[in-house]
Number of protein chains: 2
Amino acid sequence: MRGLVLVAHGSRRAAANVEVAELTQRVALQAGARYEVVTHGFLEMAEPSIPDAIQQAVDAGATEVVVVPYFLSAGRHVTEDIPQQVRCKQADCPAVRMTIAPYLGIAAAIPDLLLQSAASIYS
Amino acid sequence: MRGLVLVAHGSRRAAANVEVAELTQRVALQAGARYEVVTHGFLEMAEPSIPDAIQQAVDAGATEVVVVPYFLSAGRHVTEDIPQQVRCKQADCPAVRMTIAPYLGIAAAIPDLLLQSAASIYS
(Lines give C-alpha, C1' and ligand atoms only; values in the text may rest on other atoms or scores of the structure.)
Protein backbone atom coordinates (compact mmCIF):
# COMPACT_ATOMS: atom_id res chain seq x y z
CA MET A 1 0.00 0.00 0.00
CA ARG A 2 1.46 3.30 -1.15
CA GLY A 3 1.55 6.62 0.69
CA LEU A 4 2.68 10.04 -0.53
CA VAL A 5 4.06 12.64 1.89
CA LEU A 6 4.28 16.19 0.60
CA VAL A 7 7.03 18.11 2.42
CA ALA A 8 7.03 21.91 2.55
CA HIS A 9 9.32 24.32 4.35
CA GLY A 10 6.75 25.65 6.84
CA SER A 11 6.02 29.29 7.52
CA ARG A 12 5.36 31.61 10.44
CA ARG A 13 2.28 32.69 8.47
CA ALA A 14 -0.55 30.27 9.22
CA ALA A 15 -2.12 31.02 5.81
CA ALA A 16 0.92 29.65 3.99
CA ASN A 17 0.72 26.39 5.94
CA VAL A 18 -3.00 26.18 5.20
CA GLU A 19 -2.15 26.56 1.48
CA VAL A 20 0.05 23.46 1.80
CA ALA A 21 -2.73 21.51 3.55
CA GLU A 22 -5.15 22.45 0.77
CA LEU A 23 -2.62 21.51 -1.89
CA THR A 24 -2.25 18.14 -0.18
CA GLN A 25 -6.00 17.60 -0.48
CA ARG A 26 -5.85 18.38 -4.21
CA VAL A 27 -2.94 15.95 -4.63
CA ALA A 28 -4.93 13.27 -2.78
CA LEU A 29 -7.97 13.85 -5.02
CA GLN A 30 -5.89 13.65 -8.20
CA ALA A 31 -3.87 10.69 -6.95
CA GLY A 32 -6.94 8.48 -7.10
CA ALA A 33 -5.91 4.86 -6.64
CA ARG A 34 -2.20 5.54 -7.07
CA TYR A 35 -1.74 6.46 -3.39
CA GLU A 36 -4.06 5.18 -0.71
CA VAL A 37 -2.93 7.89 1.70
CA VAL A 38 -1.52 11.39 1.15
CA THR A 39 -0.21 13.45 4.07
CA HIS A 40 1.92 16.56 4.46
CA GLY A 41 4.70 17.62 6.79
CA PHE A 42 6.86 20.67 7.41
CA LEU A 43 10.62 20.94 7.73
CA GLU A 44 10.36 23.68 10.34
CA MET A 45 8.12 26.38 11.84
CA ALA A 46 4.91 24.31 11.52
CA GLU A 47 3.34 20.99 12.42
CA PRO A 48 3.19 18.14 11.63
CA SER A 49 6.91 17.42 11.31
CA ILE A 50 8.21 15.23 8.47
CA PRO A 51 8.58 12.14 10.72
CA ASP A 52 5.04 12.69 12.04
CA ALA A 53 3.65 13.02 8.51
CA ILE A 54 5.37 9.77 7.51
CA GLN A 55 3.99 8.13 10.66
CA GLN A 56 0.46 9.26 9.70
CA ALA A 57 0.88 7.48 6.37
CA VAL A 58 2.23 4.37 8.07
CA ASP A 59 -0.62 4.40 10.61
CA ALA A 60 -3.04 4.52 7.68
CA GLY A 61 -1.44 1.34 6.35
CA ALA A 62 1.28 2.55 3.97
CA THR A 63 4.08 0.06 3.41
CA GLU A 64 5.79 2.24 0.80
CA VAL A 65 6.13 5.99 1.31
CA VAL A 66 7.31 8.49 -1.29
CA VAL A 67 8.34 11.88 0.07
CA VAL A 68 7.89 14.77 -2.41
CA PRO A 69 9.73 18.02 -1.56
CA TYR A 70 7.61 21.09 -2.37
CA PHE A 71 10.68 23.25 -2.89
CA LEU A 72 11.90 25.36 -5.81
CA SER A 73 15.65 24.92 -5.49
CA ALA A 74 18.13 22.29 -4.44
CA GLY A 75 19.34 24.07 -1.33
CA ARG A 76 20.51 22.47 1.88
CA HIS A 77 16.92 21.74 2.90
CA VAL A 78 16.46 19.54 -0.15
CA THR A 79 19.94 18.02 -0.31
CA GLU A 80 20.59 17.47 3.40
CA ASP A 81 17.82 18.28 5.90
CA ILE A 82 14.93 16.34 4.32
CA PRO A 83 17.07 13.26 3.54
CA GLN A 84 18.42 13.30 7.10
CA GLN A 85 14.92 13.33 8.62
CA VAL A 86 13.72 10.60 6.27
CA ARG A 87 16.79 8.43 7.06
CA CYS A 88 16.06 8.85 10.76
CA LYS A 89 12.43 7.82 10.33
CA GLN A 90 13.49 4.94 8.08
CA ALA A 91 15.64 3.61 10.92
CA ASP A 92 12.56 3.63 13.17
CA CYS A 93 10.42 1.83 10.58
CA PRO A 94 12.65 -0.66 8.73
CA ALA A 95 9.62 -2.51 7.31
CA VAL A 96 8.41 0.56 5.39
CA ARG A 97 10.11 1.43 2.10
CA MET A 98 10.80 5.18 2.04
CA THR A 99 11.95 7.07 -1.04
CA ILE A 100 12.50 10.76 -1.76
CA ALA A 101 11.22 12.00 -5.13
CA PRO A 102 12.77 14.92 -7.10
CA TYR A 103 11.91 18.38 -5.72
CA LEU A 104 9.25 20.38 -7.54
CA GLY A 105 11.58 23.04 -8.99
CA ILE A 106 13.43 20.51 -11.14
CA ALA A 107 10.26 19.49 -13.03
CA ALA A 108 10.62 19.93 -16.78
CA ALA A 109 7.12 21.44 -16.97
CA ILE A 110 7.96 24.49 -14.82
CA PRO A 111 8.86 26.81 -17.75
CA ASP A 112 5.54 25.97 -19.39
CA LEU A 113 3.65 26.70 -16.17
CA LEU A 114 5.38 30.09 -15.90
CA LEU A 115 4.41 30.88 -19.50
CA GLN A 116 0.82 29.83 -18.78
CA SER A 117 0.78 32.14 -15.77
CA ALA A 118 2.07 35.01 -17.92
CA ALA A 119 -0.51 34.25 -20.62
CA SER A 120 -3.38 34.27 -18.09
CA ILE A 121 -3.18 38.05 -17.73
CA TYR A 122 -4.45 38.42 -21.30
CA SER A 123 -7.50 36.25 -20.77
CA MET B 1 6.85 44.21 -28.07
CA ARG B 2 6.39 41.92 -25.10
CA GLY B 3 8.86 41.13 -22.33
CA LEU B 4 8.64 38.58 -19.53
CA VAL B 5 10.46 39.13 -16.23
CA LEU B 6 10.80 36.10 -13.97
CA VAL B 7 11.10 37.18 -10.34
CA ALA B 8 12.63 34.90 -7.70
CA HIS B 9 13.40 35.50 -4.04
CA GLY B 10 17.17 35.37 -4.34
CA SER B 11 19.50 33.27 -2.21
CA ARG B 12 22.82 33.54 -0.40
CA ARG B 13 23.75 30.35 -2.28
CA ALA B 14 25.08 31.31 -5.70
CA ALA B 15 23.97 27.94 -7.09
CA ALA B 16 20.30 28.69 -6.33
CA ASN B 17 20.55 31.98 -8.24
CA VAL B 18 22.22 30.21 -11.14
CA GLU B 19 19.28 27.75 -11.17
CA VAL B 20 16.97 30.76 -11.68
CA ALA B 21 19.14 32.11 -14.51
CA GLU B 22 19.07 28.71 -16.20
CA LEU B 23 15.30 28.45 -15.73
CA THR B 24 14.99 31.88 -17.36
CA GLN B 25 16.88 30.57 -20.39
CA ARG B 26 14.48 27.61 -20.65
CA VAL B 27 11.50 29.95 -20.37
CA ALA B 28 12.97 32.13 -23.15
CA LEU B 29 13.50 29.09 -25.37
CA GLN B 30 9.95 27.85 -24.84
CA ALA B 31 8.45 31.32 -25.16
CA GLY B 32 9.38 31.43 -28.82
CA ALA B 33 7.69 34.40 -30.48
CA ARG B 34 5.38 35.12 -27.54
CA TYR B 35 8.00 37.22 -25.72
CA GLU B 36 10.77 38.97 -27.56
CA VAL B 37 12.80 39.32 -24.37
CA VAL B 38 12.89 37.29 -21.14
CA THR B 39 14.91 38.47 -18.14
CA HIS B 40 15.05 37.61 -14.44
CA GLY B 41 15.36 39.58 -11.23
CA PHE B 42 15.63 38.92 -7.51
CA LEU B 43 13.66 40.41 -4.65
CA GLU B 44 16.68 40.37 -2.36
CA MET B 45 20.10 38.84 -1.71
CA ALA B 46 21.07 38.68 -5.40
CA GLU B 47 21.39 40.78 -8.54
CA PRO B 48 19.84 41.98 -10.79
CA SER B 49 17.07 43.62 -8.76
CA ILE B 50 13.48 43.56 -10.01
CA PRO B 51 13.62 47.17 -11.34
CA ASP B 52 16.92 46.37 -13.09
CA ALA B 53 15.44 43.23 -14.66
CA ILE B 54 12.46 45.26 -15.94
CA GLN B 55 14.86 47.89 -17.26
CA GLN B 56 16.80 45.20 -19.15
CA ALA B 57 13.55 44.20 -20.86
CA VAL B 58 12.72 47.84 -21.65
CA ASP B 59 16.23 48.44 -22.98
CA ALA B 60 15.72 45.46 -25.28
CA GLY B 61 12.61 47.15 -26.66
CA ALA B 62 9.77 45.82 -24.51
CA THR B 63 6.70 48.06 -24.41
CA GLU B 64 4.69 45.56 -22.37
CA VAL B 65 6.27 43.68 -19.45
CA VAL B 66 4.69 40.80 -17.56
CA VAL B 67 6.30 39.99 -14.22
CA VAL B 68 5.97 36.33 -13.16
CA PRO B 69 6.65 35.57 -9.47
CA TYR B 70 8.56 32.31 -9.04
CA PHE B 71 7.15 31.74 -5.57
CA LEU B 72 5.17 28.90 -3.99
CA SER B 73 2.93 30.81 -1.62
CA ALA B 74 1.15 34.14 -1.43
CA GLY B 75 3.22 35.59 1.36
CA ARG B 76 4.13 39.22 1.86
CA HIS B 77 6.76 39.02 -0.88
CA VAL B 78 4.08 38.15 -3.44
CA THR B 79 1.25 40.31 -2.09
CA GLU B 80 3.23 43.43 -1.14
CA ASP B 81 6.96 43.55 -1.90
CA ILE B 82 6.91 42.60 -5.58
CA PRO B 83 3.87 44.83 -6.40
CA GLN B 84 5.54 47.72 -4.58
CA GLN B 85 8.75 47.41 -6.61
CA VAL B 86 6.82 47.07 -9.87
CA ARG B 87 4.67 50.13 -9.05
CA CYS B 88 7.82 52.11 -8.36
CA LYS B 89 9.36 51.09 -11.68
CA GLN B 90 6.05 51.76 -13.46
CA ALA B 91 6.19 55.34 -12.18
CA ASP B 92 9.65 55.67 -13.75
CA CYS B 93 8.49 54.24 -17.07
CA PRO B 94 4.90 55.37 -17.68
CA ALA B 95 5.05 54.42 -21.37
CA VAL B 96 5.63 50.74 -20.59
CA ARG B 97 2.64 48.61 -19.61
CA MET B 98 3.60 46.46 -16.59
CA THR B 99 1.48 43.62 -15.24
CA ILE B 100 2.06 41.02 -12.54
CA ALA B 101 0.98 37.47 -13.37
CA PRO B 102 -0.23 34.90 -10.79
CA TYR B 103 2.58 33.34 -8.71
CA LEU B 104 3.70 29.84 -9.62
CA GLY B 105 2.26 28.07 -6.55
CA ILE B 106 -1.31 28.89 -7.50
CA ALA B 107 -1.07 27.05 -10.84
CA ALA B 108 -3.71 24.36 -11.19
CA ALA B 109 -1.13 21.96 -12.61
CA ILE B 110 1.01 21.82 -9.45
CA PRO B 111 -0.69 18.73 -7.95
CA ASP B 112 -0.13 16.87 -11.22
CA LEU B 113 3.55 17.89 -11.25
CA LEU B 114 3.98 16.58 -7.70
CA LEU B 115 2.36 13.28 -8.68
CA GLN B 116 4.66 13.06 -11.73
CA SER B 117 7.65 13.64 -9.46
CA ALA B 118 6.47 10.89 -7.13
CA ALA B 119 5.88 8.53 -10.08
CA SER B 120 9.39 9.15 -11.45
CA ILE B 121 10.95 7.09 -8.67
CA TYR B 122 9.37 3.95 -10.14
CA SER B 123 10.76 4.52 -13.64
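Student: How many residues does the contact take from chain A and from chain B?
Tutor: The contact takes 46 residues from chain A and 46 residues from chain B. Keep in mind that this is a predicted model.

Student: How are the copies placed, then? What rotation superposes chain A on chain B?
Tutor: A rotation of 180 degrees, with 0.0 Å of shift along its axis, puts chain A on chain B at an RMSD of 0.0 Å. The two copies are thus related as by a two-fold rotation axis.

Student: Which C-alpha of chain A is nearest the axis?
Tutor: That of Leu72(A), 3.9 Å from the axis. The same surface serves both copies, since 100% of the contact residues of chain A recur in chain B.

Student: How much area do chain A and chain B bury between them?
Tutor: About 3700 Å², with 66% of it on carbon and sulfur atoms.

Student: Which element gives the most to the side of chain A that touches chain B?
Tutor: α4(A), with 9 residues. By class, that side of chain A has 30 nonpolar, 7 polar and 9 charged residues.

Student: New topic. How many salt bridges are there over all chains?
Tutor: A search of the whole structure finds 6. One of them joins Arg2(A) and Glu64(A), with the closest N and O atoms 3.8 Å apart.

Student: Why does that pair tie together parts that are apart in sequence?
Tutor: Arg2(A) lies in strand β1 of chain A and Glu64(A) in strand β3 of chain A, so the pair links parts that are 62 residues apart in sequence.

Student: Is Arg2(A) buried or partly exposed, and what about Glu64(A)?
Tutor: Arg2(A) has 30% relative accessibility and counts as partly exposed. Glu64(A) counts as partly exposed too, at 24%.

Student: Which residues are linked with Arg2(A) in a network of salt bridges?
Tutor: Glu64(A) and Arg97(A).

Student: What does Arg76(A) form a salt bridge with?
Tutor: With Asp81(A), the closest N and O atoms being 3.8 Å apart. Asp81(A) is partly exposed, at 22% relative accessibility.

Student: Over to chain B. Which side chain meets Glu64(B) in a salt bridge?
Tutor: That of Arg2(B), at 3.8 Å from N to O. Arg2(B) is partly exposed, with a relative accessible area of 30%.

Definitions and conventions: Residues are numbered from 1 along each chain as its sequence is written. Chains are lettered from A and ligands numbered from 1 in the order in which they are written. This is a predicted model: local features need pLDDT of at least 70, side-chain atom pairs count only at pLDDT 80 or more; totals for chains, interfaces and linings use all residues. Side-chain values use heavy atoms; hydrogens and water are left out. Copies are superposed by least squares on the C-alpha atoms of residues with pLDDT of at least 70 in both. Contact means heavy atoms within 4.5 Å. Buried area is the accessible area (1.4 Å probe) that two parts lose on being put together, summed over both. Helices (H or I, at least four residues) and strands (E, at least two) are DSSP runs, numbered from the N terminus. Ala, Val, Leu, Ile, Met, Phe, Trp, Tyr, Cys and Pro count as nonpolar, Asp, Glu, Lys and Arg as charged, and the others, Gly among them, as polar. A salt bridge is a side-chain nitrogen of Lys or Arg within 4 Å of a carboxyl oxygen of Asp or Glu. Buried means under 20% relative accessible area, exposed over 50%, partly exposed in between (1.4 Å probe, protein chains only).
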